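Me: I'm new to this one. Can you walk me through it?

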Amino acid sequence: MSSENASCAAGTLYVVSAPSGAGKTTLCRGLLQQFPDLSLSVSYTSRPSRPGERDGHDYHFVSAACFERMIDEGAFVEWARVHDNYYGTSLAVLRQASAAGQDLLLEIDVQGAEQLRLAGLPLVSIFIAPPSLAELRRRLEGRASDSATVVALRLENARTEMAAAERYDYLIVNDTLAQAQLQLQAIVLAQRCRSPRVLAQWRKRWLQE
Ligand SMILES: Nc1nc2c(ncn2[C@@H]2O[C@H](COP(=O)(O)OP(=O)(O)O)[C@@H](O)[C@H]2O)c(=O)[nH]1
Ligand SMILES: Nc1ncnc2c1ncn2[C@@H]1O[C@H](COP(=O)(O)OP(=O)(O)O)[C@@H](O)[C@H]1O
């Protein structure tokens, strides 16, 4: 990724990563309902869609060949191969959000988060951990969206992904969903209190009085 790309983020970039099945999609959907002005970056992927997933809403589902073409065209601000499929974040979406001063939520894996860090993008990074490996297995099997082979691969990869948790600003252990949702909400609320935009808005009002 070029340094030109690295300088394109102006709104707050929230990066959420987790091993598959830890609950990040559930928590991020909850967060988007709590903060309607937070927008989700819909990733591109070569993974086949799961029942109930909608193209353009959950992911932009494309073929591996199409994804590789997009890599060559520089369409991604970051991309990675995860669990044997391609996943990537659109550079155009990041630029649009930046131009609009829009806060953006990225649900991406640990490799993608690392690419953004190395590029020097200012981000608020949050890692969602499952309470245990046994519970992670139960959630993956309970979700019933993947074959036994795919579940096994995701559980195997979870060990390496967990090792990256220490590089994140925040760690949420998603044991009780309500508690984890509250913690995620608190992070965004606290971040918004730190925002220079709050100060700018307050100064404007102060000067008008
Ligand atoms: N690097 C990167 N990872 C992504 C992107 N979109 C999704 N992922 C990650 O790919 C992994 C697999 O996602 P998915 O197949 O939807 O399964 P899930 O983890 O069970 O939700 C997860 O770790 C996602 O966070 C992306 O744009 N870039
Ligand atoms: N705190 C929780 N307790 C019990 N089940 C949960 C919890 N959080 C999520 N789940 C369930 O676990 C499964 C995996 O959650 P999901 O959000 O799809 O995970 P991810 O996006 O990280 O793969 C789903 O069936 C979801 O309803």
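Me: Where is K24 found?
Reply: K24 is in helix α2. Keep in mind that this is a predicted model.

Me: Is K24 buried or exposed?
Reply: Buried. K24 counts as buried because it has 23 C-beta neighbours inside 10 Å, and the cut-off is 20 or more.

Me: Which residues is K24 in contact with, leaving aside neighbours within four places in sequence?
Reply: V16, A18, E107 and I128.

Me: And G23, where is that found?
Reply: G23 is in the loop between β1 (13–17) and α2.

Me: Why does G23 count as buried?
Reply: G23 is buried because 23 other C-beta atoms lie within 10 Å.

Me: What is G23 in contact with, beyond four places in sequence?
Reply: Its contacts there are A18, I128, R139, N174, L177 and A180.

Me: Switching to ligand 2. Which residues come nearest?
Reply: G23, T25, T26, R139 and L177, out of 15 residues around ligand 2.

Me: Which elements give two or more residues to that shell?
Reply: Three helices do: α2 (24–34), α6 (133–143) and α8 (177–194).

Me: How many residues of the shell around ligand 2 are nonpolar, polar and charged?
Reply: The shell divides into 4 nonpolar, 8 polar and 3 charged.

Me: Now the strands. How many residues of β8 are buried?
Reply: In strand β8 (residues 124–129), 5 of the 6 residues are buried. The strand is mostly covered.

Me: How many bridges join β1 to β8?
Reply: There are 4, and β1 and β8 run parallel. One pairing to look at is V16, whose bridge partner in β8 is I126.

Me: What about β8 and β9, how many bridges there?
Reply: Again a parallel pair: 4 bridges join β8 to strand β9 (residues 170–173). F127 stands opposite L171 in β9.

Me: Back to I126. What is it in contact with, beyond four places in sequence?
Reply: I126 is in contact with Y14, V15, V16, Y168, D169, Y170, I172, L184 and I187.

Me: Last topic, the core. How many residues are in the largest nonpolar core?
Reply: It has 37 residues. I126 is among those with the most contacts inside it, along with Y14, V15, V16, L105, L106 and I128.

Methods
Residues are numbered from 1 along each chain as its sequence is written. Chains are lettered from A and ligands numbered from 1 in the order in which they are written. This is a predicted model: local features need pLDDT of at least 70, side-chain atom pairs count only at pLDDT 80 or more; totals for chains, interfaces and linings use all residues. A nonpolar core is a set of buried Ala, Val, Leu, Ile, Met, Phe, Trp, Tyr and Cys residues joined through C-beta atoms within 7 Å. A residue is buried if 20 or more other C-beta atoms lie within 10 Å of its own, exposed if 12 or fewer, and partly exposed in between; C-beta atoms are placed from the backbone. Two residues are in contact if their C-beta atoms, placed from the backbone, lie within 7 Å. A residue is near a molecule or strand if its C-beta atom, placed from the backbone, lies within 6 Å of it. Ala, Val, Leu, Ile, Met, Phe, Trp, Tyr, Cys and Pro count as nonpolar, Asp, Glu, Lys and Arg as charged, and the others, Gly among them, as polar. Two strands pair if DSSP finds at least two bridges between them.
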